[in-house]
Amino acid sequence: MELNKDQEGMSSENNKPQDPNPRFAWEGCSVLLDVNDGDRLVFARLSGGAILKIGNKNYSLKPLIGAPFGSLFQVESGEEGSFLSRVLPVKQENNSNNITEDSRDNRELVDNNEAQNLTGEEIEAMRREGAKGYEIIEALIANSKTFDKKFQLSQEKYKLKKQKKYAPKLLLRRPFARSICEAYFKKYPARIGFIRVDALSLLLTMANVTAYSDVLVVDMVGGLITGAVAERLGGTGYVCNTYKGNSPYPVEMVRMFNFSDKVIERIVQSSINELSSTKTASSEQNNQQEGVCKAEIDINAMQEPSTCDMVVEETPVKAEAIVEDIVVPESKIIKAPKAGAKASKEAIEMWQENGFSSLIMAAQDQDPWSLAKDVLPLLSYSAPFAIYHQYLQPLATCMHNLQQGKMAINLQITEPWLREYQVLPSRSHPHMQMSPFGGYVLSGIRISTT
C-alpha cells in the first residue's frame, strides 16, 4: 500500500521529536535551584543520577524531572532515608506584619549552650522515626528555655534558622538572562566581566535589540551577552559572535538558557577578517584614517568637550539575595546542543553588503578602541551600538577617538545605578551590603564619514 504525499508529510511531522514544554523541567535541561529562599543558587543539569548536596547529605534530583518551574520541594525523611518531596506552598498569615508593643528584649539572655533541653541524639532519633521538619522545629521550640523570653523579631529569626537546618526548602527556577547574571555577579563576577543585571539590560536597550535584528556581538564574558541577545530575539534574526584571530571566544554559558534548536541555529560565529568586506573597507578606511590617526596622536593633549561627555544614571529593578554557583556531580551526563556554529557564506555576504543592525561589545581583556575601530565599519549606517567596560577611562578614550574620527554621533557614557532595599514593616531600609557600581556603557549611532 502506497502513501500519497500528504500522508507522507503528516507521518514525518508526527515522527519528528517535539520541543519539550518550557514550563516543565525535563531530563537534560538546565535548572536554577534556589535553596532556602536565596541562600544558595545552584546551577544543575537534570538527569536520573544528578545529586545536590544540602548540608551534609546528598539528595537525588530525579523528583524534579517533570515538575513545573516554580515548584517548591522540601527535605523529608522516609524508610530509605531523606529525599526531596514536592510540597504545595500554603499561604500563612505573617505575624511580623502586625508588630505590637513588646516589653521583652534580649538583654538578659546568655548564650551558654544550656537553653536547649533536646539533645542531638534525640533529634536524630526523631528523624529515624520519620518525623518531619516542622515537627522537629516545634519540639525545639517547646524544649527551649529562652524562646518565650525573646523579642518577637528574634523568635521569627530563630524559627527561620531552624527551618533552614532541619527543613530546608528547594525552589525550582528556570534559568534566564537576569537570574544567570545575578547568580554569577554575586559569586563569580570576574567570569562575566563584573556585568550587573542593570548594566546588562542597559546594553540591550541602548543597542536596540528587537525581533528580526542582526546583532553583532563581541562576547568575552562567557556567553552571557550572546545568550541574552538570543533570548530577546526569540528565534528571529541572527546573533553573530565575532572575534579577532583564529579561535572564537567560548560561549558555554549559552547552554544554561535551554534554547530550542530554532534559537540555536540563529547563534553563529565568524571572525572580523571574514566579515570585513574588501570592497567597502578600503574606501572607508581612507576616509577615516586621517581623523582617527589625529585622534590617537592628540588624545593626551586634548580634553573632552563637556557637552558631549554625559554621564546618565539609571535606576533598574531590584536584585536578589546571596547566591552560589556550584556544579553538581552527575552519573549520566546529558549535554545541551552547542551554540555558535560557523556562519554560512550567504549570511556573511549579506552582512558585508547590508551591515549589521546593532552591536554589543563586552571585552574585558581588550582595549575598547582597538576593537571598535575594526568592528564599527561592519555596521550599517544609523545602527546603534553599546560598549561595556568595567572602568571609565578606556571608554572615555574610545569616545574621544570616535568624536575626532567623526565615526558616530549621540555618544554618551552611562553609569547604571542600583540600590537594593529590604521592605518589611517598620524596618524598611537599603541593604547593608551592596555592589558600589556595575561598570560603564558607551553608546552611540554609527554614521557615514564620506
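**Exercise 1.** Over the ring of which residue does the charged end of Arg191 sit, and how far is it from the ring centre?

*Solution.* The model under study is predicted. The charged end of Arg191 is found over the ring of Tyr188, 4.0 Å from its centre. This distance is to be set against the cut-off of 6 Å from the ring centre. A further case is Arg266, which lies over the face of Tyr238 at 4.8 Å from the ring centre.

**Exercise 2.** Determine how many aromatic pairs there are, and classify the pair of Tyr243 and Tyr249.

*Solution.* Ring centres must lie within 6.5 Å to pair, and by this rule the count is six aromatic pairs. For Tyr243 and Tyr249, the centre-to-centre value is 6.4 Å and the angle between the planes is 75°. Planes over 60 degrees apart count as edge-to-face, and the pair of Tyr243 and Tyr249 is accordingly edge-to-face.

**Exercise 3.** Are Tyr243 and Tyr249 buried or exposed?

*Solution.* The threshold for a buried residue is under 20% relative accessible area. Tyr243 has a value of 5% and is therefore buried. Tyr249, at 16%, is likewise buried.

**Exercise 4.** Which cluster do ring pairs link together?

*Solution.* Ring pairs join Tyr238, Trp351 and Phe356 into a cluster. Tyr238 also has Arg266 over its face.

Methods
Residues are numbered from 1 along each chain as its sequence is written. This is a predicted model: local features need pLDDT of at least 70, side-chain atom pairs count only at pLDDT 80 or more; totals for chains, interfaces and linings use all residues. Side-chain values use heavy atoms; hydrogens and water are left out. Rings of Phe, Tyr and Trp (its six-membered ring) pair if their centres lie within 6.5 Å; planes under 30 degrees apart count as stacked, over 60 as edge-to-face and the rest as tilted. Buried means under 20% relative accessible area, exposed over 50%, partly exposed in between (1.4 Å probe, protein chains only). A charge sits over a ring if NZ of Lys or CZ of Arg is within 6 Å of the ring centre and within 35 degrees of the ring normal.
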